[in-house]
Amino acid sequence: MAKKIDTSQALSALKGDIRAKSPRRLYFFHGEETFLLNYYLGKIREMLVEPLTESFNFHRLTNESFDLQRFADAVENLPMMAQYTMVQVDDVDLFRLGDSERSKIAEILGDIPPYCTVVFTYETVAWKPDKRQKKLWEAMDNNGMVVEFARQSQRDLIAWVHHGAGGRRGPLPPGG
């Protein structure tokens, strides 16, 4: 079982995961700052998936292409010539699936293999967890980390610009 992270500390924990090159098995990314969401999604992908083996080890499902069996197969797929696989699922509202599908998703999320990281992203679909659907919510809450990319304050953005102007390879996202 994953260590519980307070939602206010989730972004810091994500940064720590990336620095330590120690990804969790399950993330849920949402929020207004889609630039930051995509930046950290890219960092996780860069950490897990090598360009030469990407076609074997990176699986992306969208709201239009999501299929429960495809998702299950992607999660169980062994890494090919690499250490990890990554499954990215974009804008799929898990709480709107049918009862049997939610039950199966909960089962999968509760048993993600150690070589796989699953990232659900919510950019065009609102992140609205329904805690009344206990089995699914408990699987998500116990095994995953929800990271909200909230609108950055002017202070954070100014610090980001100043930090990037200090001779580094370019600006980093706030706190990056």
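Reader: How many helices and strands does the secondary structure of the protein come to?

Author: Seven helices and five strands, where helices (H or I, at least four residues) and strands (E, at least two) are DSSP runs numbered from the N terminus. This is a predicted model, in which local features need pLDDT of at least 70, side-chain atom pairs count only at pLDDT 80 or more, and totals for chains, interfaces and linings use all residues. Residues are numbered from 1 along each chain as its sequence is written, and side-chain values use heavy atoms, with hydrogens and water left out.

Reader: What pattern does the protein follow along the sequence?

Author: The pattern reads α-β-α-α-β-α-β-α-β-α-β-α.

Reader: And what share of the residues is buried?

Author: Of the 176 residues, 45% are buried. Buried means under 20% relative accessible area, exposed over 50%, and partly exposed in between (1.4 Å probe, protein chains only).

Reader: Helix 5 and helix 6, then. At what angle do the axes cross?

Author: Roughly 20°, and the axes of helix 5 (residues 99-109) and helix 6 (residues 134-143) come within 8 Å. Axes here are lines fitted to C-alpha atoms, for helices over the stretch in contact, with angles running from 0 to 180 degrees between N-to-C directions. That makes helix 5 roughly parallel to helix 6; angles under 35 degrees count as roughly parallel, over 145 as roughly antiparallel, 65 to 115 as roughly perpendicular and the rest as oblique.

Reader: Which residues make the contact?

Author: Helix 5 contributes Arg102, Ser103, Ile105, Ala106 and Leu109, and helix 6 contributes Lys135, Leu136, Ala139, Met140 and Asn143. Contact means heavy atoms within 4.5 Å.

Reader: Switching to Glu33. Buried or exposed?

Author: Glu33 is buried, at a relative accessible area of 19%. Glu33 sits in the loop between strand 1 (26-30) and helix 2 (34-48).

Reader: What does Glu33 touch, not counting residues up to four places away in sequence?

Author: Phe149, Ala150, Arg151 and Gln152. Ala150 is 117 residues from Glu33 along the chain, yet their C-alpha atoms are separated by 5.7 Å.

Reader: Last one, His59. Where is it found?

Author: His59 is in strand 2 (residues 58-62), and counts as buried at 16% relative accessibility.

Reader: Which side chain does the side chain of His59 make a polar contact with?

Author: That of Asn77, at 3.3 Å. A polar contact is a pair of N or O atoms within 3.5 Å; within protein, one must be able to donate a hydrogen and the other to accept it, and residues adjacent in sequence count only if both atoms are side-chain atoms. Leaving aside neighbours within four places in sequence, His59 is in contact with Ala74, Asn77, Met86, Val87 and Gln88.
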